[in-house]
Amino acid sequence: MPVSPVKTRIPLTSLGHLITEVKKQLFGIEAPASSELTGLRKYFNSYTLQGRRNYVLATYGVFALTAAAYWMHRQHKKENQAPSSTA
């Protein structure tokens, strides 16, 4: 297993936890308390598993909406071209 320059008990396989430890040890950045998180930061943050999960779900949602919009636009375009080709 690779050795980390940061003194931590967390294995390097957990990248999110390793980044949190690096922030804490090298830069002195502490995770805010849950009472400090307000507004959208309460639901979308990099400090809690729920916040990270919400980022992932939002990203997948944007991809799904983009694909659906593209598919609907392509279907509409095919329908408009079919009747005009008969002459």
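Visitor: Where does N45 lie?
Guide: N45 lies in the loop between α1 and α2. Helices here are DSSP runs of H or I, at least four residues long, and strands are E runs of at least two, numbered from the N terminus. A word on the source: this is a predicted model, where local features need pLDDT of at least 70, side-chain atom pairs count only at pLDDT 80 or more, and totals for chains, interfaces and linings use all residues. Residues are numbered from 1 along each chain as its sequence is written, and side-chain values use heavy atoms, with hydrogens and water left out.

Visitor: Why is N45 called buried?
Guide: Buried means under 20% relative accessible area, exposed means over 50%, and partly exposed is in between (1.4 Å probe, protein chains only). N45 has 4% relative accessibility, so it counts as buried.

Visitor: What is N45 in contact with, beyond its neighbours within four places in sequence?
Guide: L37, G51, R52 and Y55. Contact means heavy atoms within 4.5 Å.

Visitor: Why is N54 called buried?
Guide: N54 has a relative accessible area of 14%, which is under 20%, so N54 is buried. Its place is in helix α2.

Visitor: What makes the pairing of the N54 and R53 side chains a polar contact?
Guide: A polar contact is a pair of N or O atoms within 3.5 Å; within protein, one must be able to donate a hydrogen and the other to accept it, and residues adjacent in sequence count only if both atoms are side-chain atoms. The N54 and R53 side chains are 3.2 Å apart at this contact. N54 also has a side-chain polar atom 2.7 Å from the backbone oxygen of Y43. Leaving aside neighbours within four places in sequence, N54 is in contact with Y43 and F44.

Visitor: Is I29 buried, exposed or partly exposed, and why?
Guide: I29 has a relative accessible area of 39%, between 20% and 50%, so it is partly exposed. I29 lies in the loop between α1 (15–26) and α2 (49–84).

Visitor: How many helices and strands does the chain have?
Guide: Two helices and zero strands. Buried residues make up 8% of the 87 residues.

Visitor: What is the secondary structure of residues 55–72?
Guide: The span is 100% helix and 0% strand, with its end C-alpha atoms 26 Å apart.
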